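Trainee: I've got this one open on my screen. Walk me through it, please.

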Amino acid sequence: VSGKNLIYSANLPFKLSKKVAHEFNTSQHICSNSVTDALVRTALFSEVQDMAFAAVIARKIRNYSESDFWIKTMCLLYRNGLRASANKLNELYDYIHYQVYQLERKIDFTRKKISNLVQESDQWHVAIQFAKVKKGLQLKRLPDFNIKPYFLERNNFRYVIKQLKTNYELAIEGEQMKHCVFTYAYVCLKGGSYIFSLREITNNMGAKKTTEITMITIEVNNNRILQKLGERNRQCNQLENNLIEEWAKQNQLTLKVQ
């Protein structure tokens, strides 16, 4: 806007090269909700020339101060064979984030084969299942997003979307859904994320007491829905998407650009 060279701008999420700055200024195919996110997508695309891969990685980044690490690491793994279509990509990202940012491990990714990383990630996901961690679980309260439980009804079925406010609730959700949301306690405390759960409300054989059946786990960050995944990280069906879209509209939340 001021006419100055982009690479000298203050508060950039990572050090821009002239190549990336030029791509950002001239590209007509980078679509994003923010300048920062667009810069990350541009840097990734500039290295791998794969927009699908750039979009998947950009969607996963919560803390833009980590952008430089993810751009370099994921581009390296891309050159070693990792693709956006890989079934294990979400799990692999979570595994690397946990190892590097929570355990503060120094990993030489130039020496890592994709197959070995996937195997390590699979073993880690098994190890963090609720049955493995509940014994020593110390209760931690997570930041409150101040959205009350939201009740919906479709075809005589009742549903609710509510926030999970402790690491204990995340652990139970992860055990039920067979995914690693338990590890997102760190992201909630440090990275500004909030975890919600879409559930079906059922009556037990006509009894007054109701039961909630978990359907989808939702991650919200910066008023945007970053993830909405079911059991074993499956994608939402049409009904689930419709329920979440209604809830999002009522609470002024947006879906992150795909």
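Trainee: Is Glu-219 buried or exposed?
Mentor: Glu-219 is buried, at 2% relative accessible area. Buried means under 20%, exposed over 50%, and partly exposed in between, with a 1.4 Å probe and protein chains only.

Trainee: Before I go on, what am I looking at?
Mentor: A predicted model, where local features need pLDDT of at least 70, side-chain atom pairs count only at pLDDT 80 or more, and totals for chains, interfaces and linings use all residues. Residues are numbered from 1 along each chain as its sequence is written, and side-chain values use heavy atoms, with hydrogens and water left out.

Trainee: Back to Glu-219. Which side chain does it meet in a salt bridge?
Mentor: Arg-62, at 2.4 Å from N to O. The rule for a salt bridge is a side-chain nitrogen of Lys or Arg within 4 Å of a carboxyl oxygen of Asp or Glu.

Trainee: Where do the two partners sit?
Mentor: Glu-219 is in strand β4 (residues 210-221), and Arg-62 is in the loop between α3 (51-60) and α4 (67-79). They are 157 residues apart in sequence, so the bridge ties those parts together. Helices (H or I, at least four residues) and strands (E, at least two) are DSSP runs, numbered from the N terminus. Arg-62 is buried as well, with 13% relative accessibility.

Trainee: How many salt bridges in total?
Mentor: The count is 14. Another one to look at joins Glu-173 and Arg-199, with the closest N and O atoms 3.1 Å apart. That pair also links distant parts of the chain: Glu-173 belongs to helix α8 (residues 167-177) and Arg-199 to strand β3 (residues 193-203), 26 residues apart. Both Glu-173 and Arg-199 are buried.

Trainee: And what is the partner of Arg-234?
Mentor: Glu-240, with 2.7 Å between the closest N and O atoms. Arg-234 is partly exposed, at 32% relative accessibility. Glu-240 is buried, at 3%.

Trainee: Which residues do shared partners join into a network?
Mentor: Lys-162, Glu-173, Arg-199 and Glu-212 form one network of salt bridges.

Trainee: New topic: α3. How many of its residues are buried?
Mentor: Eight of the 10, so the helix is mostly covered. Among them are Phe-53, Val-56 and Ile-57, and also Arg-59 and Lys-60.

Trainee: What do they pack against?
Mentor: The buried residues of α3 pack against α2 (35-48), α4, α5 (89-102) and β5 (224-229). Contact here means heavy atoms within 4.5 Å.

Trainee: How many residues are in the largest nonpolar core?
Mentor: It has 50 residues. A nonpolar core is a set of buried Ala, Val, Leu, Ile, Met, Phe, Trp, Tyr and Cys residues joined through side-chain atoms within 4.5 Å. Residues with the most contacts inside this one include Leu-16, Val-40, Met-74 and Ile-96. Elements giving two or more residues to it include α1 (18-26), α6 (114-127) and α9 (185-190). The largest share comes from α4, with seven residues.

Trainee: What lies apart from it?
Mentor: Another core, of 20 residues, with Tyr-194, Val-220, Cys-236 and Trp-247 among them.

Trainee: Zoom in on Ile-96. What does it touch?
Mentor: Phe-69, Trp-70, Met-74, Leu-77 and Phe-109, leaving out residues up to four places away in sequence.

Trainee: What about Tyr-98 and Trp-124?
Mentor: That pair is tilted: 5.2 Å centre to centre, with 40 degrees between the planes. Tyr-98 is in helix α5 and Trp-124 in helix α6, 26 residues apart. Trp-124 is buried at 8%, whereas Tyr-98 is partly exposed at 22%.

Trainee: Last one. Which rings link into a cluster?
Mentor: Ring pairs connect Phe-69, Trp-70, Tyr-93, Tyr-101 and Phe-109.

How values were computed. Phe/Tyr/Trp six-rings, centres within 6.5 Å; stacked < 30°, edge-to-face > 60°.
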